[in-house]
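Welcome! Please have the sequence and the structure ready.

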Amino acid sequence: MNTTPTAPTRLATPVPVVLAGARGHGQWHLANIRRLQDKGLVRLAGVCELTPLTDEELEGLAAPEQSADFGALLDSTCAAVAVICTPIPTHTDLALIAAAKGVHLLLEKPPAPSYAEFRRMADGVAAAGVACQIGFQSLGSHAVPAIRELIAKGAIGTVTGVGGAGAWARDEAYYRRAPWAGKRRLNGVDVIDGALTNPLAHAVATGLALSGATRAEDVTGIETELLRANDIESDDTSCVRVSTVSGVPVTVAATLCAEHPDDPYVLVHGTSGRITFWYKQDRVLLQRTGHDPEEYEYDLTDLLENLVDHLTEGAELLVAPDETGAFMRVVEAIRQAPDPAELPSDVWEFAPGETRRRVVPGIEGLVAAAAETLSLYSELGAPWTASATN
């Protein structure tokens, strides 16, 4: 089913917005709404939180209505847009509540914890005729179309594969910040909060986008290796290789146990060059045979601002649900895979001077090698992956 909505009736600015989930990562959305409100594009009409925000948290945002009842808040505020930044298992139900009321959506990534829930959300949103933007902010980078243009022009020859590398660090507090953090399931409900599906999901989605495989039908096969050093259910050190209809493989390796964390990147391999994209920086390095390296920095279109422009000016929506179908196929493969293998105690250690952050010595090199060679950890000689391959 095509879930790209028809062009909605144009709205006037400022567009009334309700934010569901204003703490944790929601604080970033709150600040972004404040920025857009200062530009006259939106008005924060309501905040949905279990505990109301304080005046200090709402500084510069007047006095939006607050309620723990999302549906009632949408009604009482006459919201036109809802930003949903709530626990992963709640995304689909909240999105459908908003859609049924004709409210357009910015839905945080990952859009759902399973492909079935994703389809229920995407099909329901399409049937309601509302616009939905999925919050893969890296896909708002102007570097993405620029790289696609370089590829189309043959700047690096024929694309042979796309790699992604993410080496981050998270301590035990990260997994204790919420009941669902680091869980595969909670109270019998899928969560799938792993390294590749949540904190480093952008590396997966961006790698797929640059390979040209964004929709579910673009994926022909998925291999996973899921491991964990921390005392959690989900993976904190993992890799995935996606086979696509174009024949261009996408391999992404990630860890939250890096000794020396660094910015994640996506690497496009070609027969006569390569393109590296540091998506947190919107920075691109083009290296090709017979030329000096060329480096570029790009602007970024904020996804809420793009959604507002879509609703008020008819701008093209940057990240419609179906454009994340391939990513959701990866989420589903990880959901269906066996639970992540526990790394042996001699493989990880606590970071020097710390007792709350576990690191896997040498993992950064392995992550980089996976993106460089499009190989899984096991193929790079890491013996501790034997029980994790699926």
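In this predicted model, T92, D93, A95, L96 and A99 of helix α3 meet E117, R120, M121, G124, V125 and A128 of helix α4. Sorted by class, that contact has 6 nonpolar, 2 polar and 3 charged residues. Helix α3 covers residues 91–100 and helix α4 residues 115–128; their axes lie 9 Å apart, at an angle of about 5°. Angles under 35 degrees count as roughly parallel, and α3 and α4 are therefore roughly parallel to each other.

Now for the rings. The structure holds 7 aromatic pairs, including the two in this table.

| Pair | Distance between ring centres | Angle between planes | Geometry |
|---|---|---|---|
| F136 and F327 | 4.9 Å | 75° | edge-to-face |
| Y174 and Y175 | 5.1 Å | 85° | edge-to-face |

The pair of F136 and F327 links distant parts of the chain, 191 residues apart. You will find F136 in the loop between β6 (132–134) and α5 (143–152), while F327 belongs to helix α9 (residues 325–336). Are these two residues, F136 and F327, buried or exposed? Both F136 and F327 are buried.

Y174 and Y175 are both buried as well. Another arginine to look at is R283, which lies over the face of W278, at 4.0 Å from the ring centre.

Definitions and conventions:
Residues are numbered from 1 along each chain as its sequence is written. This is a predicted model: local features need pLDDT of at least 70, side-chain atom pairs count only at pLDDT 80 or more; totals for chains, interfaces and linings use all residues. Side-chain values use heavy atoms; hydrogens and water are left out. Axes are lines fitted to C-alpha atoms, for helices over the stretch in contact, and angles run from 0 to 180 degrees between N-to-C directions. Helices (H or I, at least four residues) and strands (E, at least two) are DSSP runs, numbered from the N terminus. Angles under 35 degrees count as roughly parallel, over 145 as roughly antiparallel, 65 to 115 as roughly perpendicular and the rest as oblique. Contact means heavy atoms within 4.5 Å. Ala, Val, Leu, Ile, Met, Phe, Trp, Tyr, Cys and Pro count as nonpolar, Asp, Glu, Lys and Arg as charged, and the others, Gly among them, as polar. Rings of Phe, Tyr and Trp (its six-membered ring) pair if their centres lie within 6.5 Å; planes under 30 degrees apart count as stacked, over 60 as edge-to-face and the rest as tilted. Buried means under 20% relative accessible area, exposed over 50%, partly exposed in between (1.4 Å probe, protein chains only). A charge sits over a ring if NZ of Lys or CZ of Arg is within 6 Å of the ring centre and within 35 degrees of the ring normal.
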